[in-house]
Amino acid sequence: MEDISTGSDSDYSSSWISWFLSSKGNEYFCEVDEDFILDRFNLTGLNNEVANYSQALDLITDNLDDDIQDELRSSLDVQARLLYGLIHARWIVTARGLSKMLEKYKRADFGRCPRVLCLQQPLLPVGLTDIPYEKSVKLYCGRCEDLYSPKSSRHGSIDGAYFGTTFPHLLFLVYPTLIPPKSGPVELGRDAAGAGGAAADGGRTRRRLREEQVEVSAAEGGGEGINTASAALKADRYKPRIYGFQVNEIAKLQRWQEAVRDRQVGRLEALEDRTP
Amino acid sequence: MGRGSASSTPTSTLTWISWFCSLPGHEYFCEVTEDFIEDDFNLTGLNTMVPFWKEAMEMVLDVEPDEDASKIPDVSIVESSAEMLYGLVHQRFILTRVGLQAMAEKYESGVFGSCPRVYCVGCNVVPCGRSDVPGLDTVKLFCPNCNDIYVPPSSRFQGVDGAFFGTTFAHLFFQTYRELSPAPFWKAPSAGGSPLSPRSTSGSSSSRGSPFVNPNPHGGQKRAAGYVYVPRIYGFKVSERAKSGPRMHWLRLRPENPSELDMVDWRGRWIDEDDEYDDDEEDDDDDRQMEDFDPVI
């Protein structure tokens with residue numbers, strides 16, 4: 001029972017997805033393209049994860065019957081969020097999903113690294129597991145390569161499985177030019193400012209996608225000249241001091257850590273020399 | 001000295017110091033005792049850094065100002081002087097036994113918050129400055145588990161000068177309270193247990209088995225939270241050979257046992273490096289020769 005009119009562009013602003021994205025606490029999510037959701041192949045297996053799967057899917061795609069009972073509707077809402085989250089985890093590791101999340105990253109929608117020496121490096125969301133209901137979402141810093149908890153409890157309660165364990169690492173694999181430098185100011189590619197304007201405006205989605213494709217092909221696979229073998233040597237670190245003197249045990253640990261670092265750098269540089 | 005005159009505060013139950021420490025954003029400050037401030041020795045050198053010194057002292061100590069107070073153009077100037085005075089005295093006070101004690105109470109009650117790093121598993125942090133000179137940087141938070149510093153989560157601390165806590169306090173604190181300081185080594189709880197599961201870092205591991213002992217009596221006596229994040233793509237570790245591969249694992253890494261710390265000399269070179277890492281061998285030979293000249297321990 002498909003109601004054609006609800007899916008049309010005129011009603012776009014009141015679609016379930018745009019409502020979901022604009023609700024408070026859902027700032028980390030990006031918009032999953034409708035055709036990605038409508039391609040059942042992409043949803044393989046999710047019917048086992050979500051109760052009332054087909055109705056939840058209808059709700060997400062705004063095809064749900066209006067005459068559905070209210071109590072079912074509220075429980076469906078929970079299922080629809082779960083379903084959207086799980087689809088989202090799959091979507092953001094596709095080429096188009098990555099580029100949508102990249103826009104959000106450039107706007108620092110996921111916050112900035114709390115580590116002082118990361119100089120406000122923008123973060124990326126990541127899960128500790130791909131299984132829902134296990135761990136809340138964490139934030140990955142590409143500079144110190146570590147995980148932090150979201151500042152706000154609104155974000156701290158989002159399921160990490162809605163972002164998955166792979167996403168931030170795939171992003172830097174696909175866009176090696178965006179791997180943050182280990183020192184110096186934060187730089188986010190050429191069009192960091194330009195990305196800000198393109199908010200969720202449904203009517204222009206198609207055109208924007210095409211533009212993104214161009215941008216993706218420009219950045220993707222680039223970075224042949226990038227060499228990160230000795231990047232860690234530039235990383236700044238905090239050295240505790242008491243009246244100006246290093247703290248013995250911590251200094252010892254830090255020397256050991258730096259020796260581990262130097263050993264890796266030696267390994268990677270040797271590798272670099274061997275490959276033409 | 002107008003100090004002799006009876007002190008009377010506007011709201012007589014609340015001293016200026018208590019009032020100051022109760023302001024939003026001032027949660028990290030502890031109350032400096034009045035006798036510490038009244039001992040001139042503790043204030044050596046501060047009078048050159050604080051304008052309207054006398055008036056600021058009177059304000060901090062709730063002393064009635066002199067009759068000829070009219071020469072001060074604006075109360076707000078004295079207020080900022082009083083804040084500077086209190087902050088600089090605070091920097092010194094929290095290094096004393098009484099001050100450390102007062103901060104320890106705040107630490108244990110979690111006033112300073114906990115480390116935002118996931119694998120520090122909520123280790124409590126202490127305020128610290130990046131400079132002892134006021135006006136350079138705002139207060140930061142030091143985590144004893146990862147030995148790193150963080151920006152306070154709330155913007156209300158962005159107006160608090162880091163010098164009011166100083167560079168030394170955080171570390172003197174953990175030297176003083178070694179039982180609060182995580183040790184520099186860590187072994188994954190269940191031997192052979194998969195490091196894939198972050199559950200292994202949960203607090204339960206510390207309750208199990210014998211009480212934790214660091215053989216270095218001057219070192220941290222608390223079991224560390226030592227798990228380090230390993231990035232994975234579709235379940236596979238990202239290889240270090242990839243350009244986007246891990247480069248910062250070392251920053252958080254701890255050796256499994258304390259003796260490994262001694263495998264690195266005071267300049268940060270491996271002592272007696274052999275087999276596995278043949279690439280560095282030549283360098284290391286030079287290194288060892290040099291080593292003989294240095295009477296290290």
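Among contacts in chain B (heavy atoms within 4.5 Å) between residues at least 6 apart in sequence, 64% join residues at least 24 apart. The model is predicted, so local features need pLDDT of at least 70 and side-chain atom pairs count only at pLDDT 80 or more, whereas totals for chains, interfaces and linings use all residues. Residues are numbered from 1 along each chain as its sequence is written, chains are lettered from A in the order in which they are written, and side-chain values use heavy atoms, with hydrogens and water left out.

Chain B has 9 helices and 5 strands, taken as DSSP runs numbered from the N terminus (helices: H or I, at least four residues; strands: E, at least two). Along the sequence these elements follow the pattern α-α-α-α-α-β-β-β-α-α-β-β-α-α. Of the 297 residues of chain B, 46% count as buried; buried means under 20% relative accessible area, exposed over 50% and partly exposed in between, with a 1.4 Å probe and protein chains only.

At the interface, 61 residues of chain B are in contact with 62 residues of chain A. The two chains bury about 5,800 Å² between them, 60% of it on carbon and sulfur atoms; this buried area is the accessible area (1.4 Å probe) that two parts lose on being put together, summed over both. Between chain B and chain A, 29 residue pairs are in polar contact, both residues being at pLDDT 80 or more. A polar contact is a pair of N or O atoms within 3.5 Å; within protein, one must be able to donate a hydrogen and the other to accept it, and residues adjacent in sequence count only if both atoms are side-chain atoms. On the side of chain B that touches chain A, at least two residues each come from β2 (140-143), β3 (148-150), α6 (169-176), β4 (232-233) and α8 (249-252) of chain B.

B:Ser244 is placed in the loop between β5 (236-237) and α8 of chain B. This serine counts as buried because its relative accessibility is 19%. Apart from neighbours within four places in sequence, B:Ser244 is in contact with A:His169, A:Phe172, A:Leu173, A:Ile179 and B:Val238. In helix α7 (residues 167-174) of chain A, 7 of the 8 residues are buried, among them A:His169 and A:Phe172. The cover over the buried residues of α7(A) includes α5 (95-106), β1 (123-126) and β2 (138-141) of chain A, together with β4 of chain B.

Over all chains, the structure contains 22 salt bridges, each defined by a side-chain nitrogen of Lys or Arg within 4 Å of a carboxyl oxygen of Asp or Glu. Across the interface of chain B and chain A there are 5 salt bridges. One of them joins B:Asp148 to A:Arg115, with the closest N and O atoms 2.5 Å apart. B:Asp148 also meets B:Arg252 in a salt bridge (2.9 Å, N to O). That pair links distant parts of the chain, B:Asp148 in strand β3 and B:Arg252 in helix α8 of chain B, 104 residues apart. Both B:Asp148 and B:Arg252 are buried. A network of salt bridges links A:Arg115, A:Asp146, B:Arg117, B:Asp148 and B:Arg252.

Within helix α3 (residues 53-60) of chain B, B:Lys54 and B:Glu58 lie 4 residues apart, about one turn of the helix. Their salt bridge has its closest N and O atoms 3.4 Å apart. B:Lys54 is partly exposed at 39% relative accessibility, whereas B:Glu58 is buried at 9%.
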